[in-house]
Amino acid sequence: MKKIEQAKQILQENWRDGFTIPTSRLYPFQWMWDSGFVSMGTSEFNLKMSLTEIAKMFTGQWDNGMLPHILFHSEIEKTYFPNYDFWECWVNQGASLNPKTSGITQPPVYGFVLADILQKHWNKPDVKDFVRHIYPKLVHYHSFLYNYRDPHSEGLFYIFHPWESGRDNSPLWDESMDQIEITPGAIPEYTRRDTSIADASERPTQQKYDRYVYLLELGKKYKYDGHQIAEESPFLIQDNMMNAILIKSNESLIEIASDLGLDAGQVKEWQALSTANYDNKFWSDELDTYVGYDLRHEKQMKHREIGGFVPLFASIPSDDKATKLNDYLQSLSARGYYLVPSFDVDSPLFDSRRYWRGPIWPQMNWMIYKGLKNYAFDDTAKMVKDDLIHLIENLGFHEYFEAQKVVADGLTKGYGGNNFSWTASSYIHLCSVD
Ligand code: DGY
């Protein structure tokens with residue numbers, strides 16, 4: 001079977017009742033940013049699936065606007081921890097109860113997702129109607145980030161849990177996480193499910209899991225109220241990648257509003273604030289890349305990692321800064337890495353197998369490809385696209401991939417879950433562009 005047909009088949013097989021699971025067993029529910037990337041892929045061959053997926057995501061929106069990172073559409077599915085009964089999202093009065101959800105969010109991708117689908121299906125009135133219907137809900141979601149997650153009104157929102165960043169166990173979070181002391185009784189007993197499904201050496205460690213649970217409990221203690229969490233959380237970070245994604249999605253909302261005659265006044269105000277503060281907060285002259293900001297300890301987090309390239313996607317960097325990011329990617333390729341490793345290959349914390357500590361992630365290549373195109377770095381964009389296509393064609397539709405060429409070329413499969421939805425979606429998407 002041709003690879004593209006295989007990709008579509010994976011998406012069809014991962015389809016449940018109105019949404020796509022990332023992969024069976026390991027992730028058996030609807031994940032927020034996965035769903036966004038998946039709906040762009042399905043929109044290439046089955047528009048109905050794509051729009052249904054997005055509509056389903058918004059069924060889990062909270063009264064405060066939050067889009068949760070997981071919607072537990074099935075309450076009988078037991079292969080995942082932490083499940084809905086552990087999150088207890090109902091402690092928050094405005095939480096969604098049907099479906100039950102987690103109590104945290106994920107990268108705000110839906111602005112650019114909607115814009116992508118609208119652009120591809122511009123001649124279809126029902127798509128325009130759909131976008132008009134979702135638009136205010138999406139503005140409401142962005143208002144959650146600005147109103148509940150931005151204590152200094154900088155236009156840059158914070159996260160209090162690594163799972164919100166999507167880059168769960170990136171070494172970026174180690175310093176804050178390692179400061180959390182787990183004393184006896186500090187967290188309830190729990191049983192991990194992921195390591196009985198995926199190879200434990202490719203998943204976050206137990207030390208990290210205890211701290212994920214600690215932060216989840218902290219959220220629960222404050223009824224998932226962003227203002228109170230900001231007072232106490234030992235993990236309080238403004239992530240440069242998520243804020244770049246917010247800026248990209250704001251820009252998309254502004255474009256959508258202009259195309260469809262909707263009001264974007266509030267979004268424009270947010271966007272002006274976010275873009276005015278982004279570079280000062282996140283650019284590191286020392287490393288020539290964008291880095292995160294630790295709001296609890298008031299300092300930049302000086303690491304090179306994959307989120308540093310995402311501002312290209314939102315057209316944030318000046319040409320000079322963009323050139324530095326591009327030169328670095330070129331140098332990595334010349335040194336024998338497939339693009340784009342998720343963490344600094346020269347750091348002792350780089351781990352080429354373990355989740356977000358080194359491997360390549362399909363949806364990241366998709367965003368970085370688009371970002372490089374924004375600046376006409378066509379050669380590097382082609383590498384980012386071709387490397388991913390090559391890895392998928394040789395190692396299968398896995399969750400993530402080895403970045404060291406000599407190692408990857410000797411493997412027979414990728415890492416993490418298999419028949420993975422956003423891998424299939426990114427493949428379809430990248431095969432459709434030049
Ligand atoms: C997991 O379970 O590993 C997810 O990434 C958290 O949402």
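How many residues line the largest pocket, and which of them lie nearest its centre?

Reply: The largest pocket is lined by 24 residues, and those nearest its centre are Phe112, Ala115, Asp116, Gln119 and Lys370. The model is a predicted one, in which local features need pLDDT of at least 70 and side-chain atom pairs count only at pLDDT 80 or more, while totals for chains, interfaces and linings use all residues. Residues are numbered from 1 along each chain as its sequence is written, and side-chain values use heavy atoms, with hydrogens and water left out.

The search for spaces uses a 1 Å grid over the protein atoms alone: a pocket is an open set of points with protein on both sides within 12 Å along at least five of seven lines, a cavity is a set where a 1.4 Å probe fits but cannot get out, and a lining residue has an atom within 4 Å of a point. A volume is the space filled by probe spheres set on the points, which are joined across faces, edges and corners.

The largest pocket has a volume of about 450 Å³. At least two residues of its lining come from each of helix H5 (110-120), helix H12 (240-260) and helix H15 (362-374); helices here are DSSP runs of H or I with at least four residues, strands are runs of E with at least two, and both are numbered from the N terminus. The lining of this pocket divides into 10 nonpolar, five polar and nine charged residues. In this scheme Ala, Val, Leu, Ile, Met, Phe, Trp, Tyr, Cys and Pro are nonpolar, Asp, Glu, Lys and Arg are charged, and the others, Gly among them, are polar.

The largest cavity holds about 210 Å³, and of its 19 lining residues, Tyr27, Trp31, Gln106, Asp168 and Tyr355 are the closest to its centre. Its lining comprises 12 nonpolar, three polar and four charged residues.

The largest cavity is the space taken by the ligand; a molecule sits in a cavity if more than half of its atoms lie within 2 Å of the grid points. Around the ligand are Tyr27, Trp31, His69, Tyr80, Trp163, Asp168, Arg203, Tyr209 and Tyr355, each with a heavy atom within 4 Å of the ligand. By class, this shell has six nonpolar, one polar and two charged residues.

Aspartate 168 places a polar side-chain atom 2.5 Å from an oxygen atom of the ligand. For tryptophan 31, an N or O atom of the side chain is 3.0 Å from a ligand oxygen atom, and for tyrosine 355 the corresponding distance is 3.2 Å. The ligand on its own has 230 Å² of accessible area, of which the protein covers 95%, as computed by the Shrake-Rupley method with a 1.4 Å probe.

The second largest cavity contains about 50 Å³ of space. Its lining consists of Arg304, Glu305, Ile306, Phe309, Tyr328, Leu332, Pro341, Phe343 and Asp344. These residues divide into six nonpolar, no polar and three charged.

Technical notes
A polar contact is a pair of N or O atoms within 3.5 Å; within protein, one must be able to donate a hydrogen and the other to accept it, and residues adjacent in sequence count only if both atoms are side-chain atoms.
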